[in-house]
Amino acid sequence: MFSKEESKKLRQDFWISFGKSFPRKWILYNTGIKDFSFKFHFDLSTAMVSMDIENQDLEKRLELWEKLISLQSLFKEEYLPNALFEDTVFLGNGKEISRISVSLDNVSIHNKNTWQETMVFLKDNMVKFEDFFNEYEDIIRP
């Protein structure tokens, strides 16, 4: 087990290493669409890349979600066939969002032996999410 400080240091080391290994400006929160962002996630058992709709106005969230659902078959055929489309996801803080994601299991931010595999997974999949967004932004944008 790791102390809180050791765990925090490992997380910092991973993200610094990731940034140095794959120096690129990611779209992430800068999609230009309110409450619509791309996210990297890496914890003790899973890595994930996601496209999150966090708008708390349910009507606006559903409007954007319906646009993404209309593109689901294209997304899966051309970009990420294993993507999971979830119209309702509850975050740890109780917040309700909609999410499209891909995950890599059996990796851990505490295990440096899984870092390279995870970094490649994060990079490759975020590129696909961004390519999709860039191609279909005019349809997605409210």
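Predicted model: local features only at pLDDT ≥ 70, side-chain atom pairs only at ≥ 80, totals over all residues.
Four strands form an open sheet in the order β1-β2-β4-β3, and the pairing is antiparallel. Strands β1, residues 36-42, and β3 are at the edges, each pairing on one side only. On average, neighbouring strands of this sheet are turned by 30 degrees against each other, direction ignored.

I turn now to strand β4, which spans residues 96-105. Seven of its 10 residues are buried, and the strand is thus described as mostly covered. With strand β2, residues 46-53, β4 pairs in the antiparallel sense over eight bridges. Within β4, Ile100 stands opposite Met51. Strand β3, residues 84-90, runs antiparallel to β4 and is joined to it by five bridges. Here Leu84 stands opposite Ser101 of β4, and Phe90 has Glu96 of β4 as its bridge partner.

β3 and β4 also form a hairpin, with five residues between the two strands. In that turn, Gly94 has a positive phi of about 90 degrees.

Next, the helix. Helix α4 covers residues 115-140, and Glu130 lies within it. As to the sheet, α4 packs on it and touches β1, β2 and β4. The direction of α4 makes about 15 degrees with that of β2.

Finally, I would draw attention to Glu130, an acidic residue of α4. Is Glu130 buried or exposed? Glu130 counts as buried because its relative accessibility is 2%, and the cut-off for buried is under 20%. Leaving aside residues up to four places away in sequence, Glu130 touches Arg24, Trp26, Ile27 and Leu28.

Methods. Residues numbered from 1 in each chain as written. Heavy atoms only, no water. Buried < 20%, exposed > 50% of the residue type's maximum accessible area, 1.4 Å probe, protein only. Contact = heavy atoms within 4.5 Å. Pairing = 2+ DSSP bridges. Axes fitted to C-alpha atoms, helices over the stretch in contact; angles between N-to-C directions.
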